[in-house]
Amino acid sequence: MRFDVMTLFPEMIQNACSHSIMKRAVDSNIISVNTINPRDYTLDKHKKVDDTPYGGGAGMVLMAQPYVDAYENIEKADKFITIMMTPQGEPFNNELGRELSGYEQVIILCGHYEGYDERIREIIKPKEISIGDFVLTGGELPALCIIDSVTRKLDGALGKIESMEYDSFEDGLLEYPHYTKPREYRGLEVPEVLLNGNHALIEKYRHEQQIERTKSRRPDLYEKWLKQQ
């Protein structure tokens with residue numbers, strides 16, 4: 001799978017993708033992560049990609065020409081999708097991550113400053129996505145969230161497929177609590193059911209913990225899960 005990220009700060013993307021699971025996925029040729037800097041496509045001799053907004057107002061607006069030209073120079077796969085990181089977009093969730101994992105190529109536009117010239121949206125027509133109801137300085141961190149989440153869903157990206165199957169949200173519930181050595185720490189014991197080797201009881205216990213944790217921490221998810229039973 002190929003990720004093409006349009007960003008004014010390519011080093012942010014490249015550095016983050018050189019660690020942990022994303023690095024292993026790159027090294028294993030499961031994914032490739034490419035960066036495209038709109039500054040390389042601007043017609044301005046000073047590499048300028050932003051300007052003051054028409055009508056006045058604070059901040060600077062990203063110009064259409066560098067972004068559109070950069071986008072049109074990206075080689076597109078047969079099955080690709082273009083997404084724009086913006087607080088105005090559709091909330092990102094696990095279901096959307098699964099949808100994106102079905103594409104050969106995901107092109108991601110990272111904004112900055114006050115935002116995009118609206119004509120970027122009108123010409124490129126991206127799917128707009130938000131990672132939450134808050135504002136960040138740029139779209140690089142949200143883009144990395146998308147890349148990380150989608151990569152985990154690709155065959156071979158994780159060491160064991162069950163590592164993903166029991167992640168929070170995969171079955172509509174939050175993940176169950178985990179324990180490791182030592183058996184006792186500061187008076188807190190590992191639940192006995194996890195020590196008896198009875199896998200049926202362990203699975204039952206973990207599922208009950210998922211339900212209880214989701215019900216108490218995310219009642220909205222719990223109600224949604226109940227309706228699907």
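**Rings, charges and a buried threonine**

The charged end of Lys 79 sits over the ring of Tyr 103, 5.6 Å from its centre. Such a placement requires NZ of Lys or CZ of Arg within 6 Å of the ring centre and within 35 degrees of the ring normal. Lys 76 lies over the face of Tyr 71, at 4.4 Å from the ring centre.

This is a predicted model: local features need pLDDT of at least 70, side-chain atom pairs count only at pLDDT 80 or more, and totals for chains, interfaces and linings use all residues. Residues are numbered from 1 along each chain as its sequence is written, and side-chain values use heavy atoms, without hydrogens or water.

The whole structure holds two aromatic pairs. In one of them, the ring centres of Tyr 67 and Tyr 116 are 6.4 Å apart and the planes stand at 90°, so the pair is edge-to-face. Rings of Phe, Tyr and Trp (its six-membered ring) pair if their centres lie within 6.5 Å; planes under 30 degrees apart count as stacked, over 60 as edge-to-face and the rest as tilted. The pair joins distant parts of the chain, 49 residues apart: Tyr 67 in helix 3 (residues 64–72) and Tyr 116 in strand 7 (residues 115–116). Helices (H or I, at least four residues) and strands (E, at least two) are DSSP runs, numbered from the N terminus.

Tyr 67 is buried at 0% relative accessible area. Tyr 116 is buried too, at 10%. Buried means under 20% relative accessible area, exposed over 50%, partly exposed in between (1.4 Å probe, protein chains only).

Thr 214, in helix 8 (residues 199–217), is buried at 0% relative accessibility.
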